[in-house]
Amino acid sequence: MSETVTLSLEDCDALVFETLLQNGCDQANARAVTDTIVAAERDRCASHGVFRLPGYVASLRSGKVKGDARPRISQTAPSVLRVDGDGGFAPLALAVGREPLIERARDQGIAALSLVDIYHFAALWVEVEAVAREGLAAFAWTAAAPMVAPAGGVKPLFGTNPMSFGWPRADGPPMVFDQASAAMARGDIMIHARNGTPLPEGVGVDPGGAPSNDPDAVLAGAQLPFGGYKGSAIAMMVELLAGALTGGGLSKEAGDRDINDGGPPSGGELMIAIDPNKFGDPDGWRARGESLFAEMLKQEGVRLPGDGRLKNRLETPTDGIEIPVALFDQIRALREIAG
Ligand code: NDP
């Protein structure tokens with residue numbers, strides 16, 4: 001096990017925020033990215049927390065991503081909104097689109113938000129939870145760069161293309177699941193590579209197309225979709241929704257234009273928000289949802305998706321968060337170099 005540094009959430013927030021400011025983010029962008037990273041640390045999603053900060057900084061330093069981006073929102077139909085991210089990180093663009101999306105969904109029953117010219121490097125549940133907390137069902141999909149081979153193939157074409165879905169609960173935070181369409185998220189493979197631990201079966205193939213448990217070989221080769229052709233179909237759908245429909249571009253296009261600086265590729269995202277009160281059963285939908293969850297939980301061994309994360313959230317304030325010493329030193333160096 002690698003050695004760790006323990007930080008309070010407040011200290012983590014300050015570390016991330018200051019590092020971003022020193023490396024070219026303005027206040028608004030630094031705040032939005034910091035909130036996203038710290039939320040991941042709070043819920044112990046290590047692969048999308050501070051671990052991502054060097055990548056964010058790399059893209060600020062290379063000039064690929066604008067640290068002073070000013071996302072702009074427009075309306076293309078009564079319930080269709082579009083945010084042009086102005087070449088910045090996704091969190092500020094999402095913050096600009098969130099309230100209008102919620103308002104339109106309440107007004108129209110259903111509303112969609114396209115986000116284009118953004119650089120997404122985060123977990124989707126953060127943004128879906130923020131909408132589902134308002135009593136709406138919510139979806140999000142984003143494409144990335146080619147990393148995953150379509151079922152039957154061995155060459156990267158799809159991004160790891162996550163999808164997330166949120167459902168409001170009667171009491172407490174919404175149920176939110178969030179999953180990559182790859183068998184394993186790339187960040188988790190990178191963590192295996194960093195820790196020198198082998199991958200489980202079925203995660204990917206080496207550059208020659210042979211199945212491999214070696215994280216470095218899979219990072220150089222291709223990841224595989226979860227569940228064979230079924231996950232492959234979901235990955236394809238995410239390309240169509242987040243890339244083709246929004247105009248943000250397919251993962252292949254993002255890969256072709258990326259400068260491989262270690263940060264996120266550019267791309268698109270689609271969010272859909274639904275007001276359940278505007279559909280068939282305004283009096284019953286919530287109780288039915290609760291009944292489904294209760295029936296699921298009657299079976300031994302079952303838990304709801306997202307509950308692991310929520311449990312972590314409750315435990316984190318007392319424990320503080322742990323960051324590997326090597327990562328902490330890397331971030332300190334980023335601040336010193338930036339001066
Ligand atoms: P996981 O496989 O870890 O988890 C997927 C979902 O399954 C979670 O909602 C999780 O809930 C739930 N889950 C896990 N175990 C169980 C269980 N035993 N019973 C019921 N539910 C369970 O996630 P992935 O590795 O697929 O994805 C990781 C993250 O990577 C996502 O947040 C995704 O948004 C992000 N990502 C971002 C990309 C980008 O371009 N920005 C690209 C690809 C991925 P819980 O959290 O409670 O464990």
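This is a predicted model: local features need pLDDT of at least 70, side-chain atom pairs count only at pLDDT 80 or more; totals for chains, interfaces and linings use all residues.
## Around the ligand

The backbone of alanine 180 places an N or O atom 2.8 Å from an oxygen atom of the ligand. From the side chain of arginine 303, an N or O atom is 2.9 Å from a ligand oxygen, and for the side chain of histidine 48 the distance to a ligand oxygen is 3.5 Å. The protein buries 70% of the 930 Å² that the ligand exposes when taken alone.

## A three-stranded sheet

Elsewhere to look: strands S9, S8 and S10 form an open sheet in the order S9-S8-S10, with antiparallel pairing. Strand S9 (211-212) and strand S10 (222-223) are at the edges and have a single partner strand each, so one side of each lacks a neighbour in the sheet.

Strand S8 (residues 204-205) pairs with S9 over two bridges. Glycine 204 has serine 212 of S9 as its bridge partner.

## Cysteines

If you are wondering about disulfides, the structure holds zero. Cysteine 12 is in none, and its nearest cysteine sulfur, that of cysteine 45, is 13 Å away. A disulfide needs the two sulfur atoms within 2.5 Å, so 13 Å is too far for a bond between cysteine 45 and cysteine 12.

Cysteine 12 is buried, at 0% relative accessible area. Cysteine 45 also counts as buried, at 18% relative accessibility.

How values were computed:
Residues are numbered from 1 along each chain as its sequence is written. Side-chain values use heavy atoms; hydrogens and water are left out. Two strands pair if DSSP finds at least two bridges between them. Helices (H or I, at least four residues) and strands (E, at least two) are DSSP runs, numbered from the N terminus. Buried means under 20% relative accessible area, exposed over 50%, partly exposed in between (1.4 Å probe, protein chains only). A polar contact is a pair of N or O atoms within 3.5 Å; within protein, one must be able to donate a hydrogen and the other to accept it, and residues adjacent in sequence count only if both atoms are side-chain atoms. Accessible areas come from the Shrake-Rupley method with a 1.4 Å probe; for residues, only the protein chains shown count as cover.
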